[in-house]
Amino acid sequence: MSTGRLLIVDDEADFGAFVRRVAQKLDFEVEVTTTAAGFKESYSRFKPTIVVLDIVMPDVDGIELIRWLAAAHCAARVVIISGFDPYYAMAAEKFGDIGGLTSIQRLTKPVSLADLESALTARGPGKA
């Protein structure tokens, strides 16, 4: 029995692969995508219980994806990951709160193994 379904969107394929390996060791079913279009298609089909979302990508602003998740009435826990300005990730979190996302956590790249495992296995609201 799996722990849950994790959907990762990050334009850095190596980082997505790292998160996949960690999550699979924790018994998650995992899908990884590097584009906004791929993320939206996977989200609708895969119905994740957790979303790991890179906030700065070349083809889309992560805040746009946060708004999209809110409009889709996303019930999954959302983990925002950024190697960019931490205030940008905080702004994305605020947009998620305003949009009704109930469980958001922020991590900063580079992400430690312990922090990632903790974020993936957290229960309930994930406010950081």
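# Reading helices, strands and cores in a predicted model

User: Which residues of α1 are buried?

Analyst: The buried residues of α1 are Phe 15, Gly 16, Val 19, Val 22 and Ala 23. They span an arc of only 130° around the axis, so they sit on the same side of α1. Here buried means under 20% relative accessible area, exposed over 50%, and partly exposed in between (1.4 Å probe, protein chains only). The arc is that of the directions from the helix axis to the C-beta atoms. Helices (H or I, at least four residues) and strands (E, at least two) are DSSP runs, numbered from the N terminus. This is a predicted model, in which local features need pLDDT of at least 70 and side-chain atom pairs count only at pLDDT 80 or more, while totals for chains, interfaces and linings use all residues. Residues are numbered from 1 along each chain as its sequence is written, and side-chain values use heavy atoms, with hydrogens and water left out.

User: What do the buried residues of α1 pack against, and which exposed residues does the face turned away carry?

Analyst: The general idea first: an α-helix has 3.6 residues a turn, so residues three or four places apart point the same way. In this model, the buried residues of α1 pack against β1, β2 (28-33), β3, β4 and α5 (113-121), where contact means heavy atoms within 4.5 Å. The face turned away from that buried side carries the exposed residues Ala 13, Asp 14 and Lys 25.

User: What pattern does the protein follow along the sequence?

Analyst: There are 5 helices and 5 strands in the protein, and along the sequence they follow the pattern β-α-β-α-β-α-β-α-β-α. Of the 128 residues, 45% are buried.

User: Which strands does β4 pair with?

Analyst: Two strands pair if DSSP finds at least two bridges between them. Strand β3 (residues 50-54) pairs with β4 in the parallel sense over 5 bridges. The chain gets from β3 to β4 through helix α3 (residues 62-71), in a right-handed β-α-β crossover. Right-handed says that, with the strands pointing away from the viewer, the path from the first strand over the helix to the second runs clockwise. β4 also pairs with strand β5 (residues 104-108), again parallel and over 5 bridges. If you want landmarks, Val 52 has Val 79 of β4 as its bridge partner, and Ser 82 has Thr 108 of β5.

User: How many residues of β4 are buried?

Analyst: In strand β4 (residues 77-82), 6 of the 6 residues are buried, so the strand is largely enclosed by the rest of the structure. Arg 77, Val 79 and Ile 81 point one way, while Val 78, Ile 80 and Ser 82 point the other way. Ser 82 has a relative accessible area of 3%.

User: Which residues touch the most other members of the largest nonpolar core?

Analyst: In soluble globular proteins, nonpolar side chains tend to be buried together. A nonpolar core is a set of buried Ala, Val, Leu, Ile, Met, Phe, Trp, Tyr and Cys residues joined through side-chain atoms within 4.5 Å. The largest one here has 21 residues, and Val 51, Leu 65, Leu 69, Val 78 and Leu 101 touch the most other members. At least two residues of this core come from each of β1 (4-9), α2 (36-46), β3, α3 and β4. A second, separate core has 17 residues, including Val 19, Ala 23, Ile 81 and Ala 119.

User: Where is the cis peptide bond, and which residues other than glycine have a positive phi?

Analyst: Most residues other than glycine have a negative phi, and most peptide bonds are trans. Here a cis peptide bond joins Lys 109 and Pro 110, with omega about -5°; Pro 110 is in the loop between β5 and α5. Asp 27 has a positive phi near 70°. Asp 27 lies in the loop between α1 and β2 and is partly exposed at 47% relative accessibility. His 73 has a positive phi near 55°. His 73 lies in the loop between α3 and β4 and counts as exposed at 70% relative accessibility.
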